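I opened my notebook next to the viewer today and jotted things down as I looked them up. Here are the entries, in the order I made them.

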Amino acid sequence: MKFRSFILVGAVAGLGVAGMTAAFASGDPVVDTGEIEVRAEIAPFIELTILDSALDWRAPTFERADNDLANNTDDGARARFSVEANTNYALTVTTVDGCWNASNLLNAPEASFRQVRFKHETNGDWIGGTLFLDRHPGSRGLSYSWNNDGADCRIATGTYPAENHIWGLGAAFRPRLVGNADNPGGIAGQLPAPGVYSATARITAATQ
């Protein structure tokens with residue numbers, strides 16, 4: 001034990017007691033520096049939020065002009081939804097119950113057009129019509145209409161840049177076009193029975 005004590009005392013004496021006292025008394029911090037890179041990866045993000053879950057409209061007459069919401073700026077003429085995306089995106093609209101051809105009721109070329117199937121709430125009949133998307137709800141006109149002259153039966157938009165934007169969905173109803181499962185091409189001379197006719201639009205927002 002004495003031998004180890006002698007070495008310790010010798011080491012302190014070699015540094016110099018005055019020098020050790022001065023170093024601690026100065027108060028200078030002992031500093032070392034290192035760097036860590038902190039990173040966050042932002043994945044492509046898109047969120048579609050339905051703001052109005054239904055679009056209700058009462059047909060004032062059977063005439064098509066009265067049932068076209070394209071130029072109607074009333075608050076109830078659009079069902080609104082928002083899209084928030086941090087990258088380019090596009091919209092597609094389809095319907096749950098698909099579409100139909102009123103081939104027995106229309107002349108060419110409309111006889112081949114695909115009508116949205118607006119189904120009666122109870123009796124199984126359906127009426128015709130189309131859907132449209134409005135880039136600026138509340139303004140007159142529409143931006144994208146139902147592709148009724150093709151087999152895809154849908155609306156497909158162009159590509160839009162990253163944004164947070166509110167869209168509107170509208171419709172044009174054709175109550176004089178009536179069909180059902182037994183008469184898929186339409187029933188000549190048939191007027192729609194009273195009641196609610198509806199179609200469910202499925203809107204898909206996808207990054208590009």
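Predicted model: local features only at pLDDT ≥ 70, side-chain atom pairs only at ≥ 80, totals over all residues.

I started with the surface: the accessible area of the protein chain comes to about 13,200 Å², and 53% of that belongs to carbon and sulfur atoms. I took accessible areas from the Shrake-Rupley method with a 1.4 Å probe, and for residues only the protein chains shown count as cover.

I number residues from 1 along each chain as its sequence is written, and side-chain values use heavy atoms, with hydrogens and water left out.

**Fold.** I found two helices and 12 strands in the protein chain; both are DSSP runs numbered from the N terminus, helices being H or I with at least four residues and strands E with at least two. Along the sequence I read α-α-β-β-β-β-β-β-β-β-β-β-β-β. Of the 208 residues, 32% are buried (under 20% relative accessible area; exposed is over 50%, partly exposed in between, with a 1.4 Å probe and protein chains only). I also looked at contacts (heavy atoms within 4.5 Å): among those between residues at least 6 apart in sequence, 73% join residues at least 24 apart.

**Disulfide.** I counted one disulfide, meaning a pair of cysteine sulfur atoms within 2.5 Å. Cys99 is joined to Cys153, S to S 2.0 Å. Cys99 sits in strand β4 (residues 99–101) and Cys153 in the loop between β8 (144–145) and β9 (155–156), so the link ties together parts that are 54 residues apart in sequence. Both Cys99 and Cys153 are buried, and their link is right-handed, with 60° about the S-S bond.

**Pocket.** Which residues lie nearest the centre of the largest pocket? I noted Leu55, Asp56, Phe173, Tyr197 and Ser198, out of 32 lining residues. The lining divides into 23 nonpolar, five polar and four charged residues; Ala, Val, Leu, Ile, Met, Phe, Trp, Tyr, Cys and Pro count as nonpolar, Asp, Glu, Lys and Arg as charged, and the others, Gly among them, as polar. β10 gives the most to this lining, with four residues.

**Arg80.** I finished in strand β2, where Arg80 lies. Arg80 is partly exposed, with a relative accessible area of 35%. Leu55 is 25 residues from Arg80 in sequence, and 9.0 Å in space, C-alpha to C-alpha.

How values were computed: 1 Å grid on protein atoms, 1.4 Å probe; cavity = no way out; pocket = protein on both sides within 12 Å on 5 of 7 lines; lining within 4 Å.
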